[in-house]
Amino acid sequence: MAVIASGDTPEKLYDLTEQRIIQNTAWPSLDGAVLPAAYPPYFAYLLKPLAVLGPHGARLVWTILSCVLFCRAVFRLVSLNRDLATCEGAVMVAMALFGPVMVGVLGGQFTPVSIWLYALCLGLEREKGRSADLLFGIGIGHIVTGK
């Protein structure tokens, strides 16, 4: 999506043929298959800087960002429960070893961002004040609508 958004034809963001061409050029191992991108358009524009890095550099940066967001989410969730405060490492390992989470974090999916948003919203829900309420509303709005 980032390559299409930063190219000459951003209107082809959801064109499967265009996605197939770009993906198979970057990763020949797809062997003609396509991994359809179904994220909202703003997501592609947020990721435009990654298109400059090339497929391998972008994947590395995205994987590092995913791991950081996942860790921040786990620390946030642990901080919300006093009983878990002494076993952050165990919670991290347990969540990371859950197959869908591991595939989402290491497989380039939006999963770690979603987990981080959920953790952020859970924490903001407990806080008082206008800014916490505003951020909570934005987070919940994104989670519910995907936009």
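Visitor: Where does Leu 97 sit?

Guide: Leu 97 sits in helix H6; helices here are DSSP runs of H or I with at least four residues, strands are E runs of at least two, and numbering starts from the N terminus. This is a predicted model, in which local features need pLDDT of at least 70, side-chain atom pairs count only at pLDDT 80 or more, and totals for chains, interfaces and linings use all residues. Residues are numbered from 1 along each chain as its sequence is written, and side-chain values use heavy atoms, with hydrogens and water left out.

Visitor: Buried or exposed, that Leu 97?

Guide: Leu 97 counts as exposed because its relative accessibility is 61%. Buried means under 20% relative accessible area, exposed over 50%, and partly exposed in between, with a 1.4 Å probe and protein chains only.

Visitor: Which residues form the nonpolar patch on the surface?

Guide: Val 93, Leu 97, Met 102 and Leu 106, and together they have about 370 Å² of accessible area. Patch members need over 30% relative accessible area and no salt bridge; like charges are joined within 9 Å, and nonpolar side chains (Val, Leu, Ile, Met, Phe, Trp, Tyr) within 5 Å. A salt bridge is a side-chain nitrogen of Lys or Arg within 4 Å of a carboxyl oxygen of Asp or Glu. The areas come from the Shrake-Rupley method with a 1.4 Å probe, and for residues only the protein chains shown count as cover.

Visitor: And which helices supply the patch?

Guide: Helix H6 (88–97) and helix H7 (99–106) each give at least two of its residues.

Visitor: Let's zoom out. How many helices and strands?

Guide: 9 helices and 0 strands. Along the sequence the pattern reads α-α-α-α-α-α-α-α-α.

Visitor: What about overall dimensions and burial?

Guide: The C-alpha atoms fill a box of roughly 50 × 35 × 25 Å along the principal axes. Of the chain's 147 residues, 28% count as buried. The accessible surface is about 9,400 Å², and 67% of that belongs to carbon and sulfur atoms.

Visitor: Switching to helix H2. What does Gln 19 touch?

Guide: Leaving aside neighbours within four places in sequence, Gln 19 contacts Ile 4, Leu 13, Tyr 14, Val 34, Leu 35, Pro 36 and Ala 37. Gln 19 lies in helix H2, and counts as buried because its relative accessible area is 3%.

Visitor: And Glu 18, what does that touch?

Guide: With residues up to four places away left out, Glu 18 touches Ile 4, Thr 9 and Lys 12. Glu 18 is also in helix H2. Its C-alpha is 9.8 Å from that of Met 1, 17 residues away along the chain.

Visitor: Which backbone oxygens does the Asn 24 side chain reach?

Guide: Those of Arg 20, at 2.8 Å, and Ala 33, at 2.7 Å. A polar contact is a pair of N or O atoms within 3.5 Å; within protein, one must be able to donate a hydrogen and the other to accept it, and residues adjacent in sequence count only if both atoms are side-chain atoms. Asn 24 is in helix H2, and counts as buried because its relative accessibility is 18%. Beyond four places in sequence, Asn 24 touches Leu 30, Asp 31, Gly 32 and Ala 33.

Visitor: Asp 31, then. What's its phi?

Guide: Near 50 degrees, a positive value in a residue other than glycine. Most residues other than glycine have a negative phi. Asp 31 is in the loop between helix H2 (16–26) and helix H3 (41–46), and is exposed, with a relative accessible area of 71%.

Visitor: How many disulfides?

Guide: 0 in the whole structure, where a disulfide is a pair of cysteine sulfur atoms within 2.5 Å. For Cys 67, the nearest cysteine sulfur is that of Cys 71, 6.6 Å away.

How values were computed: Contact means heavy atoms within 4.5 Å.
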